[in-house]
Amino acid sequence: MTLIEKFPITEANFTLYFLAYDSPNALSPKAHWSDRQGILELTHNYGTEKDPSFAIANGNTEPHRGFGHVCISVDNIQAACDRISSAGYRFQKKLSDGRMRHVAFALDPDDYWVEIISDNKVEDTEGITETDPSTYRMNHTMLRVKDHEQSLRFYKDVLGMSLLRTSENPPSKFNLYFLGYVPGADNDVNTNPLEGVLELTWNYGTEQDAAFKYHDGNAEPQGFGHIAITVDDLDAACERFEEKGVRWKKRLTDGRMKNMAFVLDPDGYWVEVVQNERIKKRNTL
């Protein structure tokens, strides 16, 4: 990935880093950070690197499960995994582990999971030793949800996403739902070549447990922060969300930062809403 934007917020003691795939082979090279589908925002709070006891909640350990992983799609998955391993990074799951031999999970320095999937058939890339990072995609972010029906209604009807595909797994008692902004999509899209996809994981039965709750990443212990969408007209979008009866974490009029809003999904995950600067200038940060 390439660092495409950096925002030091020194008065609040943190810096935001925006990374994306930016080569000529990328889906949106050289575009403004607010006009991309696949982007990763990293937040560094000053001083945490000096605290040996500091650790984040990666969303995959009890009792703080919620956020699952980010995912990149690659050209030749065996060669890509070898490249990551050779660079000294650890794996939560190697390609050879378990029954699912078509995906791997690397660990970043904070132990967040990074899923690695292949844009090509895994059997066709066996034995290929070269990989081209300029072809990689920031494919998706995965969130666990308590009630799939409520979550699908929110992301489709309120945020305007389409259901791109569904993976049902009754023997393991979970379903995966992939959503994104793809006009005309009808639950039959190959999502591997895409960027900016949202994966929702629903484990059967959680919706029937009144006490069940996922960790949103913003309550202590902190880790995952939010997903974000950009819109054509921020004021009009927020008025529409108000009419839809969304729960707000931060309205546009709240606080000092009048250039962003945060709505809450049915599980309490934060969804940032910002202006697409290509469509309309607003000074997003």
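D22 and R36 join their side chains in a salt bridge, with N and O 2.5 Å apart; a salt bridge here is a side-chain nitrogen of Lys or Arg within 4 Å of a carboxyl oxygen of Asp or Glu. The pair links distant parts of the chain, 14 residues apart, with both D22 and R36 in the loop between β2 (14-20) and β3 (40-45). Helices (H or I, at least four residues) and strands (E, at least two) are DSSP runs, numbered from the N terminus. The model is predicted: local features need pLDDT of at least 70 and side-chain atom pairs count only at pLDDT 80 or more, while totals for chains, interfaces and linings use all residues. Residues are numbered from 1 along each chain as its sequence is written, and side-chain values use heavy atoms, with hydrogens and water left out.

R36 is buried, with a relative accessible area of 9%, and D22 also counts as buried, at 10% relative accessibility. Buried means under 20% relative accessible area, exposed over 50%, and partly exposed in between (1.4 Å probe, protein chains only). D22 has a salt bridge with K30 too, the closest N and O atoms being 3.3 Å apart. K30 is exposed, with a relative accessible area of 67%. Elsewhere, R65 and E62 meet through their side chains in a salt bridge of 3.1 Å, N to O. R65 is partly exposed at 26% relative accessible area, whereas E62 is exposed at 59%. Salt bridges that share partners join D22, K30 and R36 into one network. A search of the whole structure finds seven salt bridges.

Now the protein as a whole. The secondary structure comes to four helices and 15 strands. The C-alpha trace spans about 55 × 45 × 45 Å along its principal axes. The radius of gyration is 19 Å, which agrees with the value near 19 Å for a compact globule of 285 residues; this radius is taken over C-alpha atoms, and the globule rule is 2.2 Å times the number of residues to the power 0.38. Of the 285 residues, 47% count as buried. Among contacts with a separation of 6 or more, 60% come from residues 24 or more positions apart, a contact being heavy atoms within 4.5 Å.

The largest nonpolar core has 51 residues, of which I116, L143, Y155, L159, L179, L200 and F241 touch the most other members. Apart from this core lies another, of ten residues, among them F7, I9, M260 and L264. A nonpolar core is a set of buried Ala, Val, Leu, Ile, Met, Phe, Trp, Tyr and Cys residues joined through side-chain atoms within 4.5 Å. Leaving aside residues up to four places away in sequence, L200 touches L143, V145, S151, L152, Y155, N175, L176, Y177 and L179.

D147 caps the N-terminal end of α3, with a side-chain oxygen 3.0 Å from the backbone nitrogen of E149. After α3 comes G160, with a positive phi near 80 degrees.

Helix α1 (residues 77-86) has I77, Q78, A79, A80, C81 and I84 as its buried residues. Their cover includes β4 (67-74), β5 (91-93), β6 (104-107), β7 (113-118) and α2 (122-125). Just after α1, G88 takes a positive phi of about 95 degrees.

Two loop residues remain. S172 is found in the loop between β9 (162-169) and β10 (174-180), and is partly exposed, with a relative accessible area of 42%. S172 and N203 are 31 residues apart in sequence and 8.7 Å apart in space, C-alpha to C-alpha.

D216 lies in the loop between β11 (197-203) and β12 (226-231). D216 is buried yet has no salt bridge, and K213, the nearest side chain of opposite charge, is 6.4 Å away. Lys and Arg count as positive and Asp and Glu as negative, while His and the chain ends are not counted. Where does the side chain of D216 reach? The D216 side chain reaches the backbone nitrogen of N218 at 2.8 Å, and a polar atom of that side chain lies 3.0 Å from the backbone nitrogen of A219. Residues up to four places away in sequence aside, D216 touches F224, G268, Y269 and W270.

Conventions. Polar contact = N/O pair within 3.5 Å; in protein donor to acceptor, adjacent residues only side chain to side chain.
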